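The following exercises concern one protein model. Please examine the sequence and the coordinates before reading the solutions.

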Amino acid sequence: MPMRTRAAALAALTVAALTAGTALTAPAGAAPKEAAPEFLAASELPPHPWSDWTAGPVTDGFPAELAYCLGEGVPAYDYRHRVFSTDLDTGAVQATVVTGSAAKAKALAALLNREIRSCADRIEQADPETEAEGRFYGWLPVEEGAQVHGLHTAASWGATDVHLLSVGRDGRTVTVVSWGQMGDFDDAPVTAFRKTTTKAVDKLY
């Protein structure tokens, strides 16, 4: 899994989320055709001290890499995504969707933020062997705004992982960015990730 998240720690939730999320690629309120939003480049991610980022192609569909937090209850739209990886244990993904209106995009962004805020509780409910903690890193004043979150998971057998997630909106377009690696909150590049999020929203159009 490109995010390099310990599969045993989140397997139960991910399997359930993917099963429930099979409809995520189906269109609902699809927007008229227009110029596609731009995605982040590898160079715009938080710098890795020992490895360069590699960007995969932009692909249709909702990414499996976000299923651990956003696999259930997310409205079906025509999502597109790009997966990023390093040679080590760090990975990232960006998902973007153009909704039918600014009001729909605002509602979707609010829902995604709520799902991320409840992610830690849902992980613990799905896997009693995993402890999870979420954090909120604030708002960013870019376009219609973005919110930044953190998530740490610790398995009973010793594995620990940290993720940073953000949701931003530009008009009727919503983007989600996630970064993750082994470690805890002290290992998370929050300042750099906030800059990445700002860039992701700013360059959509």
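The exercises below proceed from confidence and overall fold to individual contacts, each with a worked solution.

**Conventions**

The model is predicted, so local features need pLDDT of at least 70 and side-chain atom pairs count only at pLDDT 80 or more, while totals for chains, interfaces and linings use all residues. Residues are numbered from 1 along each chain as its sequence is written, and side-chain values use heavy atoms, with hydrogens and water left out.

**Exercise 1. Determine the confidence of the model and identify a stretch where pLDDT stays under 50.**

Step 1. pLDDT is the predictor's confidence in each residue, from 0 to 100. Its mean for the protein is 87, and 83% of the residues reach 70 or more.

Step 2. Over residues 1-27, pLDDT stays under 50. For this stretch the model has 73 contacts beyond four places in sequence, a contact being heavy atoms within 4.5 Å.

**Exercise 2. Locate the disulfide and state its handedness.**

Step 1. A disulfide is a pair of cysteine sulfur atoms within 2.5 Å. A search of the whole structure finds one: it is formed by C69 and C119, with their sulfur atoms 1.8 Å apart.

Step 2. C69 belongs to helix α2 (residues 67-70) and C119 to helix α4 (residues 119-126), so the pair ties together parts that are 50 residues apart in sequence.

Step 3. The torsion about the S-S bond is about -100°, and therefore the disulfide is left-handed.

Step 4. Both cysteines can be classified by accessibility: C69 is buried at 1% relative accessible area, and C119 is buried at 0%.

Step 5. In α4, the buried residues are C119, A120 and I123. Viewed down the helix axis, they fall within an arc of 100°, so they line one face of α4. The arc is that of the directions from the helix axis to the C-beta atoms.

**Exercise 3. Check the length of α5 and find which of its residues are buried.**

Step 1. The expected span of a helix is 1.5 Å times one less than its number of residues. For the 13 residues of α5 this should give 18 Å, and the end C-alpha atoms are 18 Å apart, which agrees.

Step 2. The buried residues of α5 are V190, F193, T196, T197, A200 and V201. Down the axis of α5 they fall within an arc of 130°, so they line one face of the helix.

Step 3. T191 and K195 are exposed on the other side of α5.

Step 4. The cover over the buried residues of α5 includes β4 (91-98), β5 (130-140), β6 (146-155), β7 (160-170) and β8 (173-182).

**Exercise 4. State how many salt bridges the structure holds, and examine several of them.**

Step 1. A salt bridge is a side-chain nitrogen of Lys or Arg within 4 Å of a carboxyl oxygen of Asp or Glu. The structure holds five.

Step 2. One of them joins E44 and K203, whose closest N and O atoms are 3.0 Å apart. This pair links distant parts of the chain, 159 residues apart: E44 is in the loop between α1 (7-20) and β1 (54-55), and K203 is in the segment after α5 (190-202). Both E44 and K203 are buried.

Step 3. E44, K199 and K203 are linked in a network of salt bridges.

Step 4. E115 and R122 also form a salt bridge, at 3.7 Å from N to O; E115 is buried, with 16% relative accessible area.

Step 5. E133 and R135 meet at 3.4 Å, N to O, in a salt bridge. E133 is partly exposed at 38% relative accessibility, and R135 is partly exposed with a relative accessible area of 38%.

Terms used
Helices (H or I, at least four residues) and strands (E, at least two) are DSSP runs, numbered from the N terminus. Buried means under 20% relative accessible area, exposed over 50%, partly exposed in between (1.4 Å probe, protein chains only).
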